[in-house]
Amino acid sequence: MAIKKSNETIQVTPTAKERYTKLKEKREKFVDRAQECSELTISSLIPVDGFNSSAKLYNPFQSVGARGVNNLASKLLLLLLPPNSPFFRLSVSGKTKEELEQNKELKSEIEKSLANIEREVSKKIEQLALRVSVFEALKHLIVSGNVLTYLPKKGTMRVFPITHYVCNRDASGNILEIVIKENISPLSLPLEVMEQVVKDPDYKKDEDIELYTHVYKLEDNKFYICQEVNGIKIPESVGTFPKDQLPYSALRMVRVDGEDYGRGYVEEFLGDLKSLEGLSQSLVESAAASSKIV
């Protein structure tokens, strides 16, 4: 957005909160669908708007949906991260492979070195406890069809449901922009940023504040990342990442051309789950009524 002042043009960059609010409009129909699917499977995955610790979740009259989601997520987890064996294989290819065929001793040493690398990577995955986060991400993909993962260089993976982020893609489905919304304690902020937040007249003590993480693509095929609180940028969070090293991944289960968000696997069987829910509810209520007949 540009503002003209006399003969000068001042460029005003929208804040992360403004971008989140604007992109949120395109996400609403996908969130409504995801909440409907979650209600008939695992209600705690994507609760309804306004849910808090004192509210009650919907209890379905059947558990077929929940068992199906957990069973499918478990099988996908075993395929992605099989226990006691590496999920990938390192090998030599091309002209190097042809040259090694003539030197058996060197070929054996290289294969042993590659096997050691495979074991080290598998060991690192076990140390990071990625299975728990990956299992949670798979359940979100099955139910809502969308999930955002964050894998830093230090620390374990974080998983964000569709209700906590918005994204924008190009025609090919590549990510152009991501905005994440979190509620954090002001005590977790750097001292200089927390002092500015406390001076805000709308600040309330002992209440969480909104933290926005803004990720967008630059012209040189890099991604710019920064975090904002009340429109204040956190200096430690500002940086750029090459495209192949971006720690954020917006995943989709079923891709639809022209849409920024995907579709869930549960959505394809939503009609059966609705019918089963209605029949189960009628059966339970009729059984309860029959038990009162004298």
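**Entry 1: the hairpin of strands 5 and 6**

I began at the hairpin that strand 5 and strand 6 form, where five residues lie between the two strands and Gly173 in the turn has a positive phi of about 90°. The model is predicted, so I kept its limits in mind: local features need pLDDT of at least 70, side-chain atom pairs count only at pLDDT 80 or more, and totals for chains, interfaces and linings use all residues. Residues are numbered from 1 along each chain as its sequence is written, and side-chain values use heavy atoms, with hydrogens and water left out.

I then looked up the pairing, for which DSSP must find at least two bridges between two strands. Strand 5 and strand 6 (residues 175-184) are antiparallel and joined over five bridges, and I noted that Tyr165 has Ile180 as its bridge partner in strand 6.

Is strand 5 buried or exposed? I used relative accessible area with a 1.4 Å probe and protein chains only, where under 20% is buried, over 50% is exposed and anything in between is partly exposed. Five of the five residues of strand 5 (residues 165-169) are buried, so the strand is largely enclosed by the rest of the structure. Tyr165, Cys167 and Arg169 point one way, Val166 and Asn168 point the other way, and all are buried.

**Entry 2: cores**

I next checked the nonpolar cores, each a set of buried Ala, Val, Leu, Ile, Met, Phe, Trp, Tyr and Cys residues joined through side-chain atoms within 4.5 Å. The largest has 48 residues, and Leu148, Ile162, Tyr165, Ile178 and Tyr248 touch the most other members. There is also a second, separate core of ten residues, with Leu189, Met194, Val229 and Ile232 included.

What does Ile178 touch, not counting residues up to four places away in sequence? With contact taken as heavy atoms within 4.5 Å, I found Leu148, Val166, Cys167, Thr213, His214, Val215, Tyr248 and Ala250.

**Entry 3: strands 3 and 11**

Strand 11 pairs with strand 3 (residues 146-150) in the antiparallel sense over five bridges, and Ser249 in strand 11 stands opposite Thr149.

**Entry 4: positive phi at two asparagines**

Most residues other than glycine have a negative phi, which made me look at two exceptions. Asn221 is not a glycine, yet has a positive phi of about 65°; this residue lies in the loop between strand 7 (209-217) and strand 8 (222-229) and is partly exposed, at a relative accessible area of 39%. Asn230 has a positive phi of about 55°, again without being a glycine; Asn230 lies in the loop between strand 8 and strand 9 (232-233) and counts as partly exposed at 42% relative accessibility.

**Entry 5: Val238**

I found Val238 in the loop between strand 9 and strand 10 (239-242), partly exposed with a relative accessible area of 39%. Leaving aside neighbours within four places in sequence, Val238 is in contact with Tyr224, Ile225 and Cys226.

**Entry 6: aromatic pairs**

I counted rings of Phe, Tyr and Trp (its six-membered ring) as pairs if their centres lie within 6.5 Å, with planes under 30 degrees apart stacked, over 60 edge-to-face and the rest tilted. The count comes to six aromatic pairs. Phe87 and Phe88 have ring centres 5.1 Å apart and planes at 70°, so this pair is edge-to-face. Phe87 is partly exposed at 42%, and Phe88 is partly exposed at 22%.

**Entry 7: the whole chain**

Lastly I noted seven helices and eleven strands in the chain. The radius of gyration, taken over C-alpha atoms, was set against the globule rule of 2.2 Å times the number of residues to the power 0.38. The value is 25 Å, well over the 19 Å that the rule gives for 294 residues, so the chain is more spread out than a compact globule. Buried residues make up 34% of the 294 residues.

Methods: Helix = DSSP H or I, 4+ residues; strand = E, 2+ residues; numbered from the N terminus.
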